[in-house]
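Please look over the sequence and the model below before reading on. The text then goes from the overall fold down to single side chains.

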Amino acid sequence: MPSFDHHGAHIHYEEFGHGFPILTFAPAGLQSVIAVWSQASAPINPTTEFADQFRVIAMDQRNA
């Protein structure tokens, strides 16, 4: 499970696909997690929609 640590903040992230990187911010504000993208209420799932052309980086928000 990849993560980023900086000044006491621990952020979990996952990468999908290859190519030019794009960073996603899941809807739900501070409570958003990567799993939000696969729910029916999400407008799209960039981890599957864009992974064939881009390196999609999805992250859990800090307070999630």
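The paragraphs that follow treat the fold, the sheet and a few side chains in turn.

This is a predicted model, in which local features need pLDDT of at least 70 and side-chain atom pairs count only at pLDDT 80 or more, while totals for chains, interfaces and linings use all residues. Residues are numbered from 1 along each chain as its sequence is written, and side-chain values use heavy atoms, with hydrogens and water left out.

The protein has one helix and four strands; helices (H or I, at least four residues) and strands (E, at least two) are DSSP runs, numbered from the N terminus. Read from the N terminus, the order of elements is β-β-β-α-β. The protein is as compact as a globular protein of its length, because its radius of gyration (taken over C-alpha atoms) is 12 Å, close to the 11 Å that the globule rule (2.2 Å times the number of residues to the power 0.38) gives for 64 residues. Along the principal axes, the C-alpha atoms fill a box of roughly 35 × 25 × 15 Å. Buried residues (under 20% relative accessible area, with exposed over 50% and partly exposed in between; 1.4 Å probe, protein chains only) make up 31% of the 64.

The four strands form an open sheet with mixed pairing, in the order β1-β2-β4-β3; two strands pair if DSSP finds at least two bridges between them. At the edges stand β1 (3-6) and β3 (20-24), each with a single partner strand, so one side of each is left without a neighbour in the sheet. From one strand to the next, the twist averages 30 degrees, with axes being lines fitted to C-alpha atoms, for helices over the stretch in contact, and angles running from 0 to 180 degrees between N-to-C directions. Strand β3 runs parallel to β4 (residues 54-59), and five bridges join the two. Here F20 stands opposite F54 in β4.

The model holds one aromatic pair, where rings of Phe, Tyr and Trp (its six-membered ring) pair if their centres lie within 6.5 Å, and planes count as stacked under 30 degrees apart, edge-to-face over 60 and tilted otherwise. The ring centres of F50 and F54 are 6.5 Å apart and the planes are at 90 degrees, so this pair is edge-to-face. F50 is partly exposed at a relative accessible area of 32%, and F54 is also partly exposed, at 27%.

H12 lies in strand β2 (residues 9-16) and is buried, with a relative accessible area of 14%. Its side chain makes a polar contact of 2.9 Å with that of D60; such a contact is a pair of N or O atoms within 3.5 Å, and within protein one must be able to donate a hydrogen and the other to accept it, while residues adjacent in sequence count only if both atoms are side-chain atoms.
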